Amino acid sequence: MFHSYLLGDLSRSLTNHTFEIFRLSKLITDDIVYFLPRNADMNQIASLAGPGGRVEVEQNFLNNKLKTITAYFGGLIKSDG
């Protein structure tokens with residue numbers, strides 16, 4: 001199952017709402033994609049994965065300018081091998 005949420009215009013840090021959406025999504029699936037603004041805090045994104053968890057972050061550029069960040073969790077993370 002694949003779930004994606006467009007979080008819209010967030011402040012420099014992720015909001016409590018962001019964490020609640022993630023928590024509720026995890027009840028359904030571990031395979032989650034977050035589409036975030038370029039100024040999202042990487043430490044907060046990593047904290048969503050939890051202790052020992054993994055996240056893959058993709059930076060999305062347009063005309064050589066960072067526009068957005070996409071964070072992948074669960075089985076959506078590209079394997080190393």
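Predicted model: local features only at pLDDT ≥ 70, side-chain atom pairs only at ≥ 80, totals over all residues.
Residues are numbered from 1 along each chain as its sequence is written, and side-chain values use heavy atoms, with hydrogens and water left out. Helices (H or I, at least four residues) and strands (E, at least two) are DSSP runs, numbered from the N terminus.

At the start of helix 2, which covers residues 42-49, a side-chain oxygen of Asp41 comes to within 2.9 Å of the backbone nitrogen of Asn43.

Helix 1 comprises the 13 residues 16-28. At 1.5 Å a residue, helix 1 should span 18 Å, and its end C-alpha atoms are 19 Å apart, which agrees; the expected span is 1.5 Å times one less than the number of residues. Thr18, Ile21, Phe22 and Ser25 of helix 1 are buried. Viewed down the axis of helix 1, the buried residues fall within an arc of 100°, so they line one face of the helix; the arc is that of the directions from the helix axis to the C-beta atoms. The face turned away from the buried side of helix 1 carries the exposed residues Asn16 and Leu27. Buried denotes under 20% relative accessible area and exposed over 50%, with partly exposed in between (1.4 Å probe, protein chains only).

Two aromatic pairs are present in the structure. Phe22 and Tyr34 form a tilted pair, with 5.8 Å centre to centre and 50° between the planes. Phe22 lies in helix 1 and Tyr34 in strand 2 (residues 32-37), so this pair ties together parts that are twelve residues apart in sequence. Phe22 and Phe73 form an edge-to-face pair, with 4.8 Å centre to centre and 65° between the planes. Phe73 lies in strand 4, so its pair with Phe22 of helix 1 ties together parts that are 51 residues apart in sequence. Rings of Phe, Tyr and Trp (its six-membered ring) pair if their centres lie within 6.5 Å; planes under 30 degrees apart count as stacked, over 60 as edge-to-face and the rest as tilted. Phe22, Tyr34 and Phe73 form one aromatic cluster.

Strand 3 (residues 55-62) and strand 4 (residues 65-73) pair in the antiparallel sense over eight bridges; pairing requires at least two DSSP bridges between two strands. Lys65 in strand 4 is the bridge partner of Leu62. The hairpin of strand 3 and strand 4 has two residues between the strands, and Asn63 in this hairpin takes a positive phi near 55°.

Methods:
Polar contact = N/O pair within 3.5 Å; in protein donor to acceptor, adjacent residues only side chain to side chain.
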